[in-house]
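Visitor: Could you take me through one part of this model closely, and show me how that part sits within the whole chain?

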Amino acid sequence: MTELLSGRTVVVTRPRAQASRLAALIAGQGGEAVIFPLLEISPVADPGLLLAAVRGLDSCSLAIFISPNAVAFSLPVILGRRAWPAGLRAAAIGQSSVELLASYGIVNTLAPSERFDSEALLELPELQRGSVAGRRVVIFRGNGGRELLAQTLRERGAEVDYVTCYRRSAPTDAEPLRELWRSGHLDALTISSSEGLRNLVDLLDTPGRACLRSTPLFVPHQRIADHALALGLSRVILTGPADAGIMAALRAYHWR
C-alpha cells in the first residue's frame, strides 16, 4: 500500500500526553511525526479546590470534564479518596475523554457524537433547562479557558462550580521548529487549539512567523481556522474532527 505521507514531516502540537496516537498514525502513513507541544500541562500548585470538590461530589448531579487532561488530573485524586457517587453522571466534550473515563470505570458518559466542542455538548437533551435547572454541576478544567459552558448552564438554572485541576503553560523555546524550517523539513503542523496557536505565534520571531505563514496548518475546528486566518495565516486546512479527520485531510492534501 502506498504510504501517502512518505517524505513528509508533520509537527504534532498537542500536549505530550495526547500526541502519541496521532504521531503513530502519521508514521503509519510513512511520514515523520515531530511532537512539539504548544501547551505544557502540569498539576496545580494548590490542590485545595480539587480536594474540596471531592468532598462535595455527592451534592452534584453532573460532572463535566473539559479534556483528557481534566480526567487524568482529577480522577486519580477522586478515586484515591472515595468511590464515584452512584447518582453522579459524567459528561465530556471529546471521545478521548470518554475513553479515559471508561478506563477508570466511569461509563455512560454524556458526550456529543459529531462535533467535539462546548456548543455541541450544550445541545444534548440532558443539558437543557428542564434537565439541569436547580441541579449542581461541577466542571473540571485547566486554568482559564472559555466561559460559554458555565454561563449557558447557569442561564438554564444550574448551579455551576469550576475546579481547576491542571495548569496550561506555553513553551519557551521554538528552536526545534526553526531548525526544521531552516533545513526544509517542516511540511505541515497540526493545531488542536486556538490557545496553542496563540502560543506558537507569540513564541516565534519575525522570520519564524514568515515560515509559519508558508506552512500548511491542519486544524480540526472552525474556531481555530478563523483564529488562524485572523492572525494572517492563509494556508489553513479545516479537517474533520479528532485523529481520523486530521489524518483524512493529511492523506488528501496535494503536497507541493
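Guide: Happy to! A contact here means heavy atoms within 4.5 Å. Among contacts in the chain between residues at least 6 apart in sequence, 65% join residues at least 24 apart. Do keep in mind that this is a predicted model, where local features need pLDDT of at least 70 and side-chain atom pairs count only at pLDDT 80 or more, while totals for chains, interfaces and linings use all residues. Residues are numbered from 1 along each chain as its sequence is written, and side-chain values use heavy atoms, with hydrogens and water left out.

Let's look closely at L238. This leucine lies in strand β10, residues 236–238; strands are DSSP runs of E with at least two residues, and helices are runs of H or I with at least four, numbered from the N terminus. Leaving aside residues up to four places away in sequence, L238 touches V219, P220, H221, Q222 and A225. L238 counts as partly exposed because its relative accessibility is 43%; buried means under 20% relative accessible area, exposed over 50%, and partly exposed in between, with a 1.4 Å probe and protein chains only. L49 sits 189 residues from L238 along the chain, and their C-alpha atoms are separated by 37 Å.

Now for the setting of L238. The chain's secondary structure comes to 12 helices and 10 strands. Its C-alpha trace spans about 55 × 35 × 35 Å along the principal axes. Of the 256 residues in the chain, 48% are buried.
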